[in-house]
Amino acid sequence: MVIKKIDILKWYIILYPVCDMLYTVTENMEISSALNISQIIRGLGLLFLLTYLNWSAKMVLKIGGIFAWMCISLAIYHFSGLSLSLFSDFSLWLKMFTAIVTYYVFKQNFENGTFDYEKIMTWFVYSSYIAISSILLSYVGLGNSSYGSERIGVKGMFTIQSTITGYLLLLFPFIYKSQRKLLSVPVLLSVVALMSIGSKTGVFGTIICYSIFIIYELLNEGRRRVKKSTMLSVSLVMLGILTIGVYYMKKYIVYLLGLYQTKDYFYSLDSFLLSNRNRYIQLVQIYIDSFLSEKQKIMGKIFGYGNSGVRKMMSYMHPELNAIERDFHGLYYCFGIVVLVVISIIIWQCWMNILKECRKYKFRNDICFFSLLSVSLGIVYGWLGGHIIYEAMNLFPFWVICAFCKSKKIQGENI
């Protein structure tokens with residue numbers, strides 16, 4: 001039996017969350033090679049994706065330029081004394097390199113017809129079912145709590161609650177698109193899973209998303225008679241929101257306000273809204289202003305301070321902290337202003353391109369609209385909570401969707 005490349009890609013996408021689940025399980029079992037297993041799987045995935053690239057002179061220049069910038073950055077971290085661990089710095093840079101490669105691979109293959117976008121996103125939806133199942137199994141003891149004893153929430157067999165929240169939020173529009181029913185089992189289970197994690201961004205992001213689904217359905221049927229089934233679904237949803245929803249949201253908001261008022265977890269209003277992530281950035285900047293030479297500051301602004309350098313700064317100022325969790329700030333401090341500007345421009349172009357297409361179709365083309373919604377969620381979540389642009393788990397769906405948004409495939413009637 002001959003195994004086709006596209007079948008390997010299919011199962012790599014579907015089973016993608018298992019990599020993070022495997023890492024969590026082996027880490028909890030104190031198996032020292034847990035991190036290596038995760039990196040090996042994704043490293044092989046990166047090599048596999050590279051086989052899909054059409055190595056034109058322009059593409060060689062792009063990928064080669066990115067790789068060269070990575071090598072220069074790593075050398076500067078080392079010789080400037082900013083780095084504590086080149087392996088740690090390389091690991092984070094490899095994620096960024098993977099993100100960019102993913103973008104170019106899928107953009108190129110969407111344009112030449114090798115990949116079918118809707119089929120790819122269907123596979124991602126299947127992968128989300130694995131993640132949802134893991135979260136829901138936490139209620140029978142087969143998973144972890146999101147915040148320990150500090151706050152409520154469960155995250156299944158995943159290590160970082162913000163990461164799995166981001167993954168499900170990115171795919172939530174496509175889960176809904178696959179059903180086009182407000183009360184379908186997959187959609188409702190997605191809502192329950194996202195609410196169960198306990199993240200503020202996840203809870204309110206889910207509410208906003210679901211509200212957009214309702215509005216989208218009503219507007220799309222606005223030019224013709226609204227289906228009875230749609231009205232029934234909307235009516236049942238509104239009834240649920242006004243009864244069960246209001247009750248639980250009231251309890252959740254009171255719970256969050258309690259955390260804020262006692263000052264046990266959040267120390268100010270902006271700290272409450274950003275879950276202390278603003279404080280992480282302030283600590284890094286204080287360290288830079290206080291301890292780095294002018295030469296180190298200049299090199300850091302251009303090339304970043306590296307993963308281990310930022311970890312050193314944060315742990316020096318606060319021993320329990322080790323990462324910046326807001327992506328655009330992380331791009332600046334870890335990779336430098338050049339990478340921040342380049343990545344921001346790419347994302348902005350993708351967002352503007354898909355917005356233009358949505359306007360052309362008056363927001364009635366499903367694949368364009370839900371892609372726009374997903375990218376918008378990713379940008380907002382990356383700004384507020386991080387773990388999207390260069391987080392190993394979330395960079396894959398995010399950059400695949402961005403690739404479609406910027407590809408020439410969506411221009412014209414061939415979507």
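Buried, in these notes, means under 20% relative accessible area, exposed means over 50%, and partly exposed is in between (1.4 Å probe, protein chains only).

I'm working from a predicted model, where local features need pLDDT of at least 70, side-chain atom pairs count only at pLDDT 80 or more, and totals for chains, interfaces and linings use all residues. Residues are numbered from 1 along each chain as its sequence is written, and side-chain values use heavy atoms, with hydrogens and water left out.

**Aromatic pairs.** I looked up pairs of Phe, Tyr and Trp rings (Trp by its six-membered ring) with centres within 6.5 Å; planes under 30 degrees apart are stacked, over 60 edge-to-face, the rest tilted. The structure has 34 of these pairs. Trp69 and Phe303 are stacked, at 4.8 Å centre to centre and 25 degrees between the planes. Trp69 is in helix H4 and Phe303 in helix H13, so their pair ties together parts 234 residues apart in sequence. Helices here are DSSP runs (H or I, at least four residues), numbered from the N terminus.

Phe303: buried or exposed? I found Phe303 buried, at 11% relative accessibility, while Trp69 is partly exposed at 25%.

I then checked Tyr103 and Tyr104, which pair edge-to-face at 5.2 Å centre to centre, with 65 degrees between the planes. Tyr103 is buried at 5%, and Tyr104 is buried at 13%.

**Core.** I noted a largest nonpolar core of 112 residues, meaning buried Ala, Val, Leu, Ile, Met, Phe, Trp, Tyr and Cys joined through side-chain atoms within 4.5 Å. Helix H5 (residues 86-111) gives the largest share, twelve residues.

Notes
Helices (H or I, at least four residues) and strands (E, at least two) are DSSP runs, numbered from the N terminus.
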